[in-house]
Amino acid sequence: MADRFLQACRAIELSPENGAAELAELRKKLPSRQARRMSPLGILLTEVLSGFPLNRDTVLFYVTTFTESLALEAYLGSFPHPSPTHFQTSIHPGGIEQALILKQQPITALYPMAGGKAILSQAFHLACQEGRPEVLVVAGEEAGTWLADMGAASRQSFAWALHFNRQPENTLATLSFRPAAEANPPADRSPSLHDFARQLESRTDLAWNGPSGHFSWQWK
């Protein structure tokens, strides 16, 4: 079994009713010149990483299914006369890169991961197998409009961040992984990234199967 011990966590979600105002308040915390160029997801990721131990030795797994969508919607919506401005915005650095650039923070490794239902299990598997002791797992989505109606964007804007190490003392929670060959797990209940954000808020213990084995999350 491979264990990781949670040292810090944070999750944030914009409400459907008041998300624009909530985002505006977060934007005010940032330098105005840089914030104007940042996507909503970049701002959310910057906020959840505030106070986390980022340094040159940091290993960071960035996890998403759809990532930014509003800039892509604006570009696609400009056809049949595609907008060069919207195109440039749609290919700007992704949200996690925006957060690191704003902080001018070099790190030793950044693993961007995108996928569907199993992406959380895949990210946690890699985090448990990572040889370096300090690991951050960061996830987020940006709510779309018509792309969400097509199943090509998230319906929620949210972000969360986890800081793990290998020391079991004074931890918030334990993430355990057992390879499939050794496991006898219950029925598959793999949470989505958004479901997991809600579980962080409620501090609910979890157990589920992933493609590579069995995971459990236990709060202290």
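Two strands count as paired if DSSP finds at least two bridges between them. Helices (H or I, at least four residues) and strands (E, at least two) are DSSP runs, numbered from the N terminus. The model is predicted, so local features need pLDDT of at least 70 and side-chain atom pairs count only at pLDDT 80 or more, while totals for chains, interfaces and linings use all residues. Residues are numbered from 1 along each chain as its sequence is written, and side-chain values use heavy atoms, with hydrogens and water left out.

Start at strand 6 (residues 173–179). Strand 6 pairs with strand 1 (residues 2–13) in the antiparallel sense, over five bridges. Within this pairing, aspartate 3 has serine 176 of strand 6 as its bridge partner. Strand 6 is also joined to strand 8 (residues 213–219), again antiparallel, by seven bridges; here arginine 178 stands opposite histidine 214. Five of the seven residues of strand 6 are buried, where buried means under 20% relative accessible area, exposed over 50%, and partly exposed in between (1.4 Å probe, protein chains only).

Asparagine 209 belongs to strand 7 (residues 206–210) and counts as buried because its relative accessibility is 19%. Its C-alpha lies 9.9 Å from that of proline 179, 30 residues away in sequence.

Helix 6 (residues 95–103) has Gly95, Ile96, Gln98, Ala99 and Leu100 as its buried residues. These pack against helix 3 (40–48), strand 2 (59–64), strand 3 (109–114) and strand 4 (135–141), with contact meaning heavy atoms within 4.5 Å. After helix 6 comes glutamine 104, whose phi is positive, near 50°.

The last stop is the loop between helix 4 (70–77) and helix 5 (84–90), where phenylalanine 79 is found. Serine 78 is in the loop between helix 4 and helix 5 as well. Is serine 78 buried or exposed? Serine 78 counts as buried because its relative accessibility is 17%. A polar atom of its side chain lies 2.9 Å from the backbone nitrogen of serine 83. Phenylalanine 79, by contrast, is partly exposed, because its relative accessible area is 44%.

Note on methods:
A polar contact is a pair of N or O atoms within 3.5 Å; within protein, one must be able to donate a hydrogen and the other to accept it, and residues adjacent in sequence count only if both atoms are side-chain atoms.
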